Amino acid sequence: MSVDYKHIDQIVAEKGTAKNSLIPILQAIQAKYNYLPEDALRYVCKKTDITPAQLVGVAGFYHQFRMEPAGDHIIKVCVGTACHVKGAGRVYDAFRRELKLEGAQKTDQSGKYTVSEVSCLGCCTLAPVVQIDNITYGHVQPDQVNRVLDDFDIQKNKKKGKRFRTPEGKEIKGEIRIGLGSCCQASGSAEIQKTVEEVVQTEGINVNLKHVGCVGMCHQVPLVEVLPDGKEPILYAKVQPGDVQGIIDRHFQPASFWGKLGRALDQFIDKAQTDEHWESIERYSIDVREKQVSSFLGKQIPIATELRGVINPVDFDEYLRHKGFTALEKAMKMPPSEVIDTIYDSGLRGRGGGGYLTGAKWIAVDVQESDTKYLICNGDEGDPGAFMDRMLLESYPYRVIEGMLIAAYAVSATKGYFYIRAEYPLAVKRVNEALKICRERGVLGKNSPSKIDIEIYEGAGAFVCGEETALMASIEGNRGFPRARPPFPAQTGLFGKPTLINNTETFAMIPYIVQNGAEKFNSIGNENSKGTKVFALAGKIARGGLIEVPMGITLRQVIDEIGGGVANGKKLKAVQIGGPSGGCIPYWLADTPIDFKSLNEIGAMMGSGGLVVLDETDCMVDIAKYFLSFTQDESCGKCTFCRIGTKRMLDILNRITQGKGKMEDLDELEKIAHWTEKGSLCNLGKTAPNPIVTTLKYFRDEYEAHINGVCPTGKCTDLISYSVNDNCIGCTKCAQKCPVDAIAFTPHEKHSIDQELCIKCDSCRQVCPEDAIDVAPSDSPKGGEKNPKIL
Amino acid sequence: MIKIKIKINNTEIEVTEGSTILQAANQLGIEIPTLCHNEEVGHLNSCMICLVKDTHSGKFIPSCSRKAEQGMDIVTNDEEIHEARRTGLELLLSDHVGDCEAPCTIACPAHMDIPQMNRLLAAGKFDEALRIVKQNIALPAVLGYICPAPCEGACRRKPIDGTVSICLLKRFVGENGQIEEKPASATGHKVAIAGSGPAGLSAAYYLQLKGIQCDVFEKSPFIGGQLQTEIPDEKLPKNVLNKEISAIEKLGVNFFLNTEIDKAQFEKLQQDYNAVIIASGEIAMEQKYWGLDWNFKGFIVDSNTYQTNNPKVFAVGSALRSSKIAIRSLAQGKEAAASVWQMLNGLPVKGQPMKFNSRFGKLVIPEYAQYLKESVDEKRVEPGQGTLTGFSEEEVKSEAARCLHCDCRKATNCKLRDYSDEYDAVQKRFAYEERKAVRKQFHETIVYEPEKCIKCGICVALTEKHREAFGFTYIGRGFDVEIGVPFNETISEGLKKIAEKVADACPTGALARKVK
């Protein structure tokens, strides 16, 4: 592709010529060309102060940037934790097979599609999820990828395509609180909104239509909430456009229409309950007038998410009506030191993972003498399987801004930044809009009482940039290399100046604390952790979603009472908390309270808020390997222990899951884990071994089983083989599904699987109506005994 | 300036505020290893080999960047830190593809620097080549006739188009190189050597050069032991042998012929001399009563120092176990001489133990092309006048040019090698995956071998500081990160100003000056 140098000039004119403009410049170039053409990059070096070494170093560091042209459409297969445990790897492989990709090839021969793995799209309850351009497909199974591609072909040219779809080409109904979260928008809530608008208009009903942020009940999407005058609000789950009439009629029609209403309602309930929309391994049974809704919400205490489902994210006046910015006002009438004391006394600890006392951090910045002090909201939420920050930024941008302004006042910060993942375009858009309105309304900017402005800096795809020193390096236009602390950001931070950096959720808590006082906040929680924590509850859980619970609640309460227990009646095996930095807590410790201390004591950690439920069919070695692959891939590569230590641990796990492990490997694994924890420079490396350490501690027998050649759950494909048992009725379903023709099409005869061809994609077992597919250890024990069946 | 007090290894020290722990330790004369630390660009915190323990928190902290704080209590050298550093080094070594010494040098019992000899020969510098050879081999021409050449068996070229003819090259050097050898001024020390075979001659040669008077006692009427008696003239012409013996005599070594050492004389030697080296061949019945430990093979000695249970007495050659391989005896004589020298100078007696060696094994086919970049694609040269006559000058140059230069240019000044040696690192500990393939990139004055790079970042920081137009940068990230020139420009394009500086600053052999 030839480069339009005038356009590059424009980009440079707009973004600037200094080093800290580099990432925005590269993002703009890629937005235009879909990759970074070398000619354009060389030209940027000529026109700016940026050197080739800086440019290439940065471009190669962030995964967002492509140095080679990509296909016309990008297929993103989500391999976040929830998707992983539901088979995303097989879906990715299936796309690669379908597009005949070989080796390191990512783009198909025709140049139409590029396939890539992404760490989390934040639609954990619809796992496994695939996104092609802007269209999202949920519950995709390996044998459905061709249909996904066919459907995409039809949809891509439609101007207003339905943006959230099943592999069969039907819409998935998302949240219909007329939600404006990115999951809701993607899920076609716009369609519901349109229908509601139509019905309301034709029938002349006088109701208020509202756009609200994410409610967290992602397992019920789309949700519609109806608030009849003076009555209890009623929540409808999984609503389809056809149901809208019935819902509205029920609440707003005169009594004489009851007969019609009854029919409509029946119809609605039928549809919602039959759940006809996709063949998935997960089916959600729904009762519309459900008690589940109340239990889902009952144990929760919304603080960061205080306004959930109530306000339109970017409606400034509505935020004001809900006491918006009154906390800021209150704070600014207090001496700054008193604000800091309040936060200190509240016992609030950072919600990003580390759990450092927020008040102490503020004091550290406050005591620094400097004309310039920076304030950063860390919204680089990279943990696969967590999307709390995204929800907060998308749904309550003003709330977070208010928290930041209170902090800015308290520590005398002079300039603020939002650092938001590039993978969260809607969050960026909302926050941008909110910042603009705040400036217009005099809340933000030089002439505002706060005298501070805040700008957005978009991340570019590097998990390590969630680490505060790496994040600052990134804003400065460098590779996201962490550096040693001390000096802490409070002393020497962004551009060498004192910097307060807090997590998004932490900031969202601030207005509540200022408004209600430290005592109110620290009366929630237990003795060592105060307040609430937002979690993304996903995995093998009946009701997943975003929840905000008081500290000290037990894992069992979260799983059973809020989440409705393990999905499909399976047994709980473990809970993975804290993502790649966290650990696996076994079922026998499910009564552990969720607080910083208790979690640390059992070898896990709070982390940023990922909570993935694992059931008896999940392989713990595979889970450890999954997280280690993630951290290994995300390691910045600077320090020895993280760069090579994580790789060597992964090497060992690969050996073990391939049946090539030795018992000594486990000792070596523990030793490398020990030194990677002790010797790494930053917390990415220091915590990377946690998933291994905890699974080794609690599930060592599973590691030993693998070394002896058996994957007890039959997940590790190198250790299993598929065969057909005598239950087979010769229905040929498996033969039709098999993507590699390893099963001959022999109607009415017992089928058999060609072991040479079989790729262990599990399609046959899933489609078999007679439970006739056995999964057994692939190495038959000597003596000719029949292999024990695993599944 | 504010002073603060900290404790390092239980010693209190006062340092200026702002000093790093590393600087404080250096003030106390405590050495802490560093790889990524560079005086010019400061600390980079990448290698993490400088970890020390903060006893208050129990944490391990990088001493190169962490500032000393009032009241700190630091430990720099306990067992745990040793393990941390060793593990770190072993992780680096698992991703470090390169040979410290060439396989031929490692195979040679005397560890002769063969690639260096070859480079000098190819350049026609025969005298300098002889100097290199004689650093390890006292009788090069003799060995050039009779050595079974284990080095040639290890030559990387062997499976491709024939091993480099190292032995014949060495013979040429021995017969044609001319150097003047002058012993150091006399130290006043005297060493008695029983036996004038290859082991005894070798020991005498190296000790005499160092100014230690050697008296060699030989039971037969001639010098040379089995070299004189066991090898026919047509294999080893006597004039070649005698020429090299007389060169040793000229250094001042005294030979006492027809003098057999018995128990009484052995005891007298111990009184008259500072040390005694037994190099008298297979041990006789009578020698078993000399008060030295022995077994059925011969005297028992420390395998590195050749010291017997009597610290003044050393034993080498067939006195340890019967050997027909002259080069082995010669090597032992040299190593025992080193031990004796250490003892006489009051140093710990260590001998010349083999230093840590990074090794990666056989070449794979694509690597051959990389190595050929500084060699020639020519078949092995056979001497035109027959093997007994050996190579002509032209043949020597062509054959020596075939060397692939498998040795590392930084073998003697590589921090990774030095620390790996010091911390007993085992390179194969984490060898879980197939090694990467070696690449070599050439600049006018330096060589870059990316697979030896430990990603310390010094070169990137230096080229940025000195404003190289392209310089070096990190390419990619994580385990797969590489250091390279942006936009795939050549190294020559990348390093226009400070190539040598960058090569010298590299803590490994990844970047090195071309001329060793």
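In this predicted model, Asp54(B) sits opposite Ile74(B), a residue of β5(B). The two strands involved, β3 (residues 51-54) and β5 (residues 73-75) of chain B, run antiparallel and are joined by two bridges. Both belong to an open sheet of five strands, ordered β2-β1-β5-β3-β4 in chain B, with mixed pairing. Because β2 (11-16) and β4 (59-62) of chain B each have a single partner strand, they stand at the edges, and one side of each is left without a neighbour in the sheet. On average, and ignoring direction, neighbouring strands here are turned by 40 degrees against each other. A helix accompanies part of this sheet: α2 (residues 79-94) of chain B lies across β3, β4 and β5 of chain B, and runs at about 150 degrees to β3(B).

Chain B also holds an open sheet of five strands with parallel pairing, in the order β8-β7-β6-β9-β10. Its edge strands are β8 (254-256) and β10 (313-315) of chain B, each pairing on one side only.

One residue pair can be picked out by name: Lys190(B) has Gln213(B) in β7(B) as its bridge partner. Helix α10 (residues 198-209) of chain B lies across β6, β7 and β9 (275-278) of chain B, at about 165 degrees to β7(B). Helix α14 (residues 326-344) of chain B packs on the sheet as well, touching β6, β9 and β10 of chain B, and its direction makes about 170 degrees with that of β9(B).

How values were computed: Residues numbered from 1 in each chain as written. Chains lettered and ligands numbered in written order. Predicted model: local features only at pLDDT ≥ 70, side-chain atom pairs only at ≥ 80, totals over all residues. Pairing = 2+ DSSP bridges. Helix = DSSP H or I, 4+ residues; strand = E, 2+ residues; numbered from the N terminus. Contact = placed C-beta atoms within 7 Å. Axes fitted to C-alpha atoms, helices over the stretch in contact; angles between N-to-C directions.
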